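Let's take a walk through this model together. Have the viewer open and follow along.

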Amino acid sequence: MRLIEEAEGALEDARSAHQPVVRDLSVCTPTFDRQTLTREMPAAIVNGEMFLQYQPKVHVREQQISSAEALVRWQHPKRGLILPGDFITVAEQAQQIAALTLWTLDEVIRDQKILATDGHDLTIFINISGQLLSDKDFVEATCAKIHNCGAKIGFEITETAVIRDPECAIANLQIFADRGIVIASDDYGAGLSSLAYLKQLPARELKIDKMFVLQLTSSNRDPLIVRSTIDLAHALDMEVTAEGVETQAAMALLSVMGCDMVQGYLISRPISIDAFRRFLHEYRARPAEDARQSMFKRPATFWKSA
Ligand code: G
Ligand code: MN
């Protein structure tokens, strides 16, 4: 898994640098010592070891890239690539999550301007830790950053994020929504989903967790769950995104079920801003035939990094 990930990363670096790239995997240790990461994290943010990848979302009916999700990665000088699963809780415990998320927001605002110069007007979503939904300073800093800058930002929030202190979290989400930030309920169905919670959230979008989508066309129950979730979200006036769309068959079924947007390896894995710009360019220039019929000809294996 790691080998493929590193090989893909090296290929991308080589393409950008126009020269061969060598990666020594022996210097990477697969397990991460949390204490060391905690100590190293503040400097890592400042020193530019963090970087973003973007994963597009396609609007099914309009056949357009409607938005993208920014995902943070840590290119550690000694340990190699570290994914959020291995450092987000570290950042939370080290009181670094606000700094990391505000850094992410700055990067996204900058990258969004680059995309705009290419003629792409996309809302970009970032993942927000529950801890930040009760952090007054974070709410103020975020509002100050997006004030008058014209950025189109979305926040993806998991249910567990809201459960910690629902009253405070919902009040702050309302502040974000009032400032024009699109709120999306992330990984829906994976946690302790509560309809009472969903009803109170100022969310405009619901993202169905990939655990219900990956086996959509080979399971008996998943299509029923997905179908009823799509109907539920629509009844609540929300748009629905299916995460983890890997096959044409899943895509076709989701389209019939009335799913609004899809995200997954069938369309693209998370990629660097430069690769994302090329992707958007290619996507826009795709032949009309592709746009009408099956637009994603690449097999899911092409994109798989994990
Ligand atoms: O929790 P959240 O939805 O933010 O998680 C996004 C993660 O899901 C990313 O790290 C990304 O690599 C992974 N992912 C995105 N698309 C797919 C997919 O089609 N299949 C699988 N298995 N994982 C995916
Ligand atoms: Mn997400």
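This is a predicted model: local features need pLDDT of at least 70, side-chain atom pairs count only at pLDDT 80 or more; totals for chains, interfaces and linings use all residues.

Residues are numbered from 1 along each chain as its sequence is written, chains are lettered from A and ligands numbered from 1 in the order in which they are written, and side-chain values use heavy atoms, with hydrogens and water left out.

Go to the manganese ion (ligand 2): Glu-69 (OE), Asn-127 (OD1), Glu-156 (OE) and Asp-186 (OD) coordinate it at 2.1 to 2.4 Å. Donors here are N, O and S atoms within 2.8 Å of the metal (3.2 Å for Na, K and Ca), and water is not among the atoms, so sites may look incomplete. Along the sequence, the donor spacing reads E-x57-N-x28-E-x29-D. Glu-156 in strand S5 (residues 153-158) and Asp-186 in strand S6 (residues 182-188) link distant parts of the chain, 30 residues apart. Helices (H or I, at least four residues) and strands (E, at least two) are DSSP runs, numbered from the N terminus. Both Glu-156 and Asp-186 are buried (under 20% relative accessible area; exposed is over 50%, partly exposed in between, with a 1.4 Å probe and protein chains only).

Now the loops. Gln-95, between helix H3 (84-93) and helix H4 (97-117), has a positive phi of about 55° without being a glycine, and is exposed at 61% relative accessible area. Asn-148, in the loop between helix H5 (136-146) and S5, has a positive phi near 60° and is exposed too, at 72%.
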